[in-house]
Amino acid sequence: MKPAPRLLFSPEHDAFREQVRRFCEREIAPHHAAWEGAHGVPRAVWRQAGDNGLLCCWLPEHLGGPGADLLFDFIVAEELGRIGATGPGFALHSVIVAPYLVAHGTPALQQALLPAMVRGEKIAAIAMTEPGTGSDVAAIRTQARHDGDHYVLNGQKTFITNGHNADVVVVACKTEPDKGAHGVSLLVVEEGMPGFTRGRNLRKIGQHAQDTAELFFDNVRVPATHLLGSEGQGFKYLMQKLAQERLLVSVGCQARAEAALQWTVDYVQQRHAFRQRVADFQNTRFKLAALATDIAAGRAYCDQLIARHLVGELDAVGAAAGKLWHSELLGRVTDECLQLFGGYGYMAEYPIARAYTDARIERIYAGTSEIMKEIVARDLLDAPKS
C-alpha cells in the first residue's frame with residue numbers, strides 16, 4: 001500500500017530525516033536491547049545526539065539552537081519510533097521541557113541551560129506526578145516557601161521520564177497551598193542542588209530502556225531566579241503546553257504503529273505453517289489489510305493535527321481527540337501484529353513483543369484515554385452553544 005505524499009515536509013526536512021535515520025540505525029538500534037537490560041540510556045548517546053543536531057531543533061540561534069522549526073523535532077520522534085526505540089527521551093527534553101524555559105525562564109536561566117540542552121550536555125525532565133495524587137496537578141503536595149532570595153522545596157515525585165539522567169527538572173509545586181490550582185508554581189531544579197536526590201529506577205512492564213525515576217526534594221534551596229514566570233501561574237502554564245505534549249504522543253504512536261505493521265508484513269511472508277506462508281492465509285491478509293487502512297487514516301489525521309498546530313489552531317479538544325485515536329491505534333496494531341507472529345511474538349527478543357508492552361503506557365500518560373474521551377464529550381455535549 002503506497003503511502004500518500006507528506007506535503008508538510010520540504011526537501012530540507014527530507015535530508016534531515018535521512019541524517020536522523022542513519023544516526024538511529026548506527027547509534028541506537030544496535031544497542032537498544034542492552035539499554036533495556038540496563039534500564040537506561042548512556043549519557044554519551046545524548047551528547048552524540050546533540051553533536052548531530054537532533055536536540056531542540058526548534059530553538060532559535062540566540063538560545064543556542066539551530067533556528068529550525070518544530071517539524072525537525074517531530075522527525076526525530078518519528079525516526080525513533082520507526083526502530084521501536086522508546087528509551088531515548090529526546091522528544092520530552094526538546095518538545096515538552098524546553099518550551100517552558102523559552103516561554104517563562106529569565107534570560108540568564110535560558111542562557112545557562114538551553115545551549116547545553118541543545119548539545120546534549122544537560123538532560124531535561126518535568127516533574128508533575130506524585131504518589132497518591134497521580135497527574136492531578138491541583139492536588140499536588142510538593143511545596144516551596146520563600147526564604148530570602150530562594151525557595152525551599154520539599155516533596156516527592158514519581159514516574160518521571162529521564163528521571164535518573166536529568167540535570168534540569170521543571171518541578172510543579174505549591175507556593176500557596178491553600179489556593180489549589182491557583183497556588184501552583186514551576187521551579188527549575190538542577191543536578192547538584194543539596195537535598196535533591198533520586199530514588200529507585202522504576203521497573204515497568206515496557207519501555208525498559210527509559211530511566212523512569214522517583215525524585216525527592218528535602219529542603220532544596222532553589223534560587224528565586226529559577227521560578228518560571230510568575231508565582232501561582234504554573235497550572236495555567238502547564239495547560240497551555242498540553243496540546244503540544246499530546247500531539248507528540250500522536251506523532252510517536254503513529255510512527256510505531258507503521259513500524260509494527262512493516263515488521264509483520266515482512267515476517268508473515270517468510271514464516272510457514274501447514275505447508276504455506278502465513279501470508280497466504282485469508283485471515284492474515286484480511287487482518288493486515290484492515291490494519292494498513294487504519295494506519296493510513298491515522299497518518300492523514302496525524303499530519304492534519306501537526307499542520308493545525310504549526311499555525312496555532314490545534315486546541316485542547318483537537319489534541320485530546322488525536323491522542324485518544326493514535327494511542328488506541330497503536331494498542332490495536334501491536335496486539336493484532338503480535339498474534340500474527342504466533343509464539344515468537346511472545347518472545348522478548350522479537351521487536352513486536354517489545355512494541356506490544358511499550359505501547360500500553362500510551363493510553364495512560366499525558367492523560368488517560370478516559371480523560372481524553374471526557375474532554376471531547378464535554379466539548380460535544382456541555383459547551384455553551386452559540
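**Legends: helices α7 and α10, and the whole protein**

**View 1. Crossing of helices α7 and α10.** In this predicted model, helix α7 passes helix α10 in a left-handed crossing, that is, the near helix is turned anticlockwise from the far one by less than a right angle. Helix α7 covers residues 234-270 and helix α10 covers residues 351-359; their axes come within 10 Å and cross at roughly 155 degrees. The two helices are therefore roughly antiparallel, the term for angles over 145 degrees. Axes are lines fitted to C-alpha atoms over the stretch in contact, with angles from 0 to 180 degrees between N-to-C directions.

**View 2. Residues at the contact of α7 with α10.** From α7, Arg256, Ala260, Trp263 and Thr264 meet Pro351, Ile352, Ala355, Asp358 and Ala359 of α10, contact being heavy atoms within 4.5 Å. By class, this contact has 6 nonpolar, 1 polar and 2 charged residues; Asp, Glu, Lys and Arg count as charged, Ala, Val, Leu, Ile, Met, Phe, Trp, Tyr, Cys and Pro as nonpolar, and the others as polar.

**View 3. Setting within the protein.** The protein contains 11 helices and 9 strands, taken as DSSP runs (helices H or I, at least four residues; strands E, at least two). Of its 386 residues, 51% count as buried, meaning under 20% relative accessible area with a 1.4 Å probe. The C-alpha trace spans about 80 × 55 × 40 Å along its principal axes.

**Notes.** Residues are numbered from 1 along each chain as its sequence is written, and side-chain values use heavy atoms, without hydrogens and water. Local features need pLDDT of at least 70 and side-chain atom pairs 80 or more, whereas totals for chains, interfaces and linings use all residues.

Notes. Parallel < 35°, antiparallel > 145°, perpendicular 65-115°, else oblique. Buried < 20%, exposed > 50% of the residue type's maximum accessible area, 1.4 Å probe, protein only.
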